[in-house]
Amino acid sequence: MPAVLDDDSFRQLMDSINRFIQQRLKPLEAQVEETEEVPADLIRTMQEMGLFGLGIPEAYGGFELTLRQEIEVQMAFSQVSPAFRLVFWPNVGIGSKGIVMAGTEAQKQAYLPGLASGELRAAFCLTEPDAGSDAASLKTSAVRDGDDFVLNGTKRYITNASRAHVFTVMARSDASKPGADGVTAFIVDRDTPGLHIGTPERKMGQRGSPICDVILENVRVPASRIVGGPANEGKGFRIAMKVLDAGRISVAASALGMAKRLIDEAATYALQRKQFGQAIAQFQLIQAMLADSETDYLAGHALVLRAADALEQGEDTRNLAAAAKYFCSEALGRTADRAVQILGGAGYVADYPVERLYRDARAVRIYEGTSQVLQLMIARTLLKRYEA
């Protein structure tokens, strides 16, 4: 299959992905939920399929999908346990995007081929114990010492940290500059002395996808490992925000995939479950909940595609990405709640996948921008139009 996919080749890839999801992944959802581990043979198959390199340019061994194509893959994989997708998606998304967008040629040559093959796994380190929604207040320090920087601090809730070989770390390299200014993005290898990985957190949902602290104790990083090289010192937060614009559109697409699975489960159950002598799908209040969920899904789908097209055309997508992530994550929450209601008692027990899907869905309204922070971003952008 060619590295840059035309429509026919992409359809072939999607056919392979959908078969893989239905035949290999879906039957193992309960096992992964119980063991919190994705089987090693599945990871090898993902590597062989090229899934780790979906968003990485052809020149470095990736498929170089368009953002629309990435979104379609994201939605397909989001219809099963998030653990499967999160094996490889950090390499496609936030783990590699900073290097793809802003890295030097030497950095791209050093890291992207390994990320594309899955030989290397990536993680993105922005959030801290005291800097979540207010990411510009991060405290991890990067103090220059000759041609190096010495990093100290703790990053929290880092997806894929326990599996990662390479980390994009945001640290404050100029303590005299408050907020976003003075933050630099560094590429840090897993085996760098002083980098430690914390114990994986126990989570409400999305089990099988570990999140951990990343502790940096006098971690020495050459200035050449600044994303984009030494000239990009102090520009890390801008890089992070560009990465998060793409990331928020990706999360919105993931929410749509999860919503589609919930609609499938709820509608199938409603057609099979009988009360008062007929399938509950015949009751208008059940139909209303299904209709609301389908409408949320279709509206979110249109918004995600609009945001993806704008990003690929080089438009300022901060507001669109925020709106897409906000709407789709909230719509997913509504859909998950309706699905549990439609299944009734069956929706509350673990014998049915809706119980797990409900828990998995809850995190989407939190990571990569809480709904409340995104509301503020959207409102401030809107108000600026009228202030003029």
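**Helix packing and a hairpin in a predicted model**

Q: At what angle do helix α1 (residues 7-25) and helix α3 (residues 40-49) pack, and how do they run relative to each other?
A: In this predicted model, the axes of α1 and α3 lie 12 Å apart and the packing angle is about 175 degrees. Axes are lines fitted to C-alpha atoms, for helices over the stretch in contact, with angles from 0 to 180 degrees between N-to-C directions; helices (H or I, at least four residues) and strands (E, at least two) are DSSP runs numbered from the N terminus. Angles over 145 degrees count as roughly antiparallel, so α1 is roughly antiparallel to α3.

Q: Which residues of α3 make the contact with α1?
A: Contact means heavy atoms within 4.5 Å. On the α1 side it is made by Ser16, Ile17, Phe20, Arg24 and Leu25. Their α3 counterparts are Asp41, Leu42, Thr45, Met46 and Met49.

Q: Which residue of β3 is the bridge partner of Ala142?
A: Strands β2 (residues 141-145) and β3 (residues 148-159) pair in the antiparallel sense over 5 bridges, where pairing requires at least two bridges found by DSSP. They form a hairpin with 2 residues between them, and Gly146 in the turn has a positive phi of about 70 degrees. The partner of Ala142 is Leu151.

Q: How far apart are the axes of helix α9 (residues 284-312) and helix α10 (residues 318-343)?
A: These helices pack at an angle of about 160 degrees, which means α9 is roughly antiparallel to α10. Their axes are separated by 9 Å.

Key:
Residues numbered from 1 in each chain as written. Predicted model: local features only at pLDDT ≥ 70, side-chain atom pairs only at ≥ 80, totals over all residues. Heavy atoms only, no water. Parallel < 35°, antiparallel > 145°, perpendicular 65-115°, else oblique.
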